[in-house]
Amino acid sequence: MAENFIRDSFDALVIGGGIAGGEAALNLANNGFKVILVEKDLSIGGKMIHLSKVFPTLDCSACITTPKVSEISRHPSITILTGSEVKKIVKRGENDFEAMVIKHPRYVREEDCTGCQLCEQACPVVVKDQYQYDMVGRKAAYIPFSIASPRVAAIDIENCTLCGACEKACPTKCIDFTQEATEYQLSLRTVIIATGFNLFDPLKIERFGYGKMKNVITSMQMERLLAPTRPFNTVLRPGDGKMPCRLAYVLCAGSRDITVGNPICSQICCMYSIKQAQLLMGALPMADVTIYYINIRSFGKGFEEFYDQAKGMGVNFVKGKIGMISEKENGDLILRYEDINASVVKEANHDMVILSVGLVSNPDNAAFFDRGELRLDPFNFVCQTDLLASPARTSIDGVFVAGTASGPMDIPDSILSAGAASSEAMSYIIRK
Amino acid sequence: MEEKQGQTYKLLREKREVPESVKENLKKFTRTKKSILEALKEEEMTVRQLSQKLGLPSHELLFYLMTLVKYGSVQTGIIDDMDEYYTYKIKA
């Protein structure tokens, strides 16, 4: 149980330190409001910080995210709590909220850690690196990832053998196994929910073989394989380290599929798959890339041209619905699919399959407020009660939603949404 | 505070037992690391060759091998004539 107890007050609580939460926090802080940003993960930056490049410009994702993250981290009006969770929020009146936040122990004094990684070198334990989507190992004493913010070590206590090697190796003596959870009681004037999305779990579609067939991976794993800080030296099959030459994308894996409980379009899968296909054509010049799709939804600015560019580069688009994936002895994969245009069932051989997994809601949203005060939509995203006139408003006056916590959207839309949420939050704070 | 600095793991060890699965995981990694490094001492090898020599599933071997690359014990060698598999060798 929490031993420490800290009481503090802020103008705004922003829940979630991804690109939307960070943008909302910056907007508020730049206008003179005191903000606390609570992030569950060990670093801010959300999912965007882990992407390779962004569509349709193919700009480096980390190059966009890191200056923003750095600005947030250094802003004097923003207090950041990483490795922390909002447990409960109560609205006591207008401009008056109370929140309970738990900061989990990192077992490292953040202010003293220099990020030298000597603890990481000394640690003998290797477990799956969640930031590389389990494709490579990390230590139990570790810096989450190279561009993490804060770039501070953490101890994975669940996998630590308590051998003390990290503590002995630390030159600043900042590792502290006596740390305990800290509880914060916060008084606030407004709240912004920017908890983002979860990726669809492809284990729910057994016929796609994810988990069993090692050369079936998710699009987020491919993002990591294509990123400069990738787990392997190049794009390799996780099954056997072979450089793939016939890659297939399966679109709508967990989206637009009522059988898995997610009938809506995830809005970004078509475009991120087209982006990855283009990057693969660059990384593996001899490779054939095929995208199996139901419809290509290239609805945004520059998206159709981006799609045309992929076709021009030689990406093969097949209008087909995948029935099942089976594996050959050598790890190659057979895709059985319905060719929608020809109305026949066909089979195709590939040596690697990427499931373009959809976006689903973050279940944390339901737990912040008591008695279902925060209304959710039928897909458990935060309900926008006045979608057309005031899209950041929620069912609780003074609580606003930013980014994909309200539904699937791409990065520019998330930033726009964060702008709307921060503006509405400021209006709420200053109105009489 | 000064006295316990650098020794706090001992205090937690008194309160918390390390699960058997964590100890087993450490043993497995140490054993696999040793066998990979010994095999690579003889010659550069691909994931498939290493997998056959050590009797480990190739996906598992790739995981450990890439972890050793990440932490600087092993480095990537050359790609084979078919442009399919890289070799790996002990880092010089």
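Modeller: Gladly! Chain A holds 8 helices and 24 strands, where helices (H or I, at least four residues) and strands (E, at least two) are DSSP runs numbered from the N terminus. This is a predicted model, in which local features need pLDDT of at least 70, side-chain atom pairs count only at pLDDT 80 or more, and totals for chains, interfaces and linings use all residues. Residues are numbered from 1 along each chain as its sequence is written, while chains are lettered from A and ligands numbered from 1 in the order in which they are written.

Biologist: What radius of gyration does chain A have?
Modeller: The radius is taken over C-alpha atoms, and the globule rule is 2.2 Å times the number of residues to the power 0.38. With 432 residues, a compact globule would come near 22 Å, and the value for chain A agrees with this: 23 Å.

Biologist: In the open sheet of 7 strands in chain A, which are the edge strands?
Modeller: The sheet has mixed pairing and the order 16-22-17-18-19-20-21; two strands pair if DSSP finds at least two bridges between them. An edge strand pairs on one side only, and in chain A these are strand 16 (216–218) and strand 21 (344–350).

Biologist: Which residue in strand 21 of chain A is the bridge partner of Ile334(A)?
Modeller: Strand 20 (residues 333–339) of chain A runs antiparallel to strand 21 of chain A, and 7 bridges join them. For Ile334(A), the partner in strand 21 is Asn349(A).

Biologist: How many residues of chain B are in contact with chain A?
Modeller: Two residues are in contact if their C-beta atoms, placed from the backbone, lie within 7 Å. Chain A brings 26 residues to this contact, with strand 9 (126–128) and helix 4 (165–169) of chain A each supplying at least two. On the chain B side, the number is 30.

Biologist: Why are helix 2 and helix 4 of chain B called roughly perpendicular?
Modeller: Angles under 35 degrees count as roughly parallel, over 145 as roughly antiparallel, 65 to 115 as roughly perpendicular and the rest as oblique. Axes are lines fitted to C-alpha atoms, for helices over the stretch in contact, and angles run from 0 to 180 degrees between N-to-C directions. Helix 2 (residues 20–42) and helix 4 (residues 58–70) of chain B have their axes 10 Å apart, at an angle of about 80°. Helix 2 and helix 4 of chain B are therefore roughly perpendicular.

Biologist: Which residues of helix 4 of chain B make that contact?
Modeller: Helix 2 of chain B contributes Thr32(B), Lys33(B) and Ile36(B). From helix 4 of chain B come Tyr64(B), Leu65(B) and Leu68(B).
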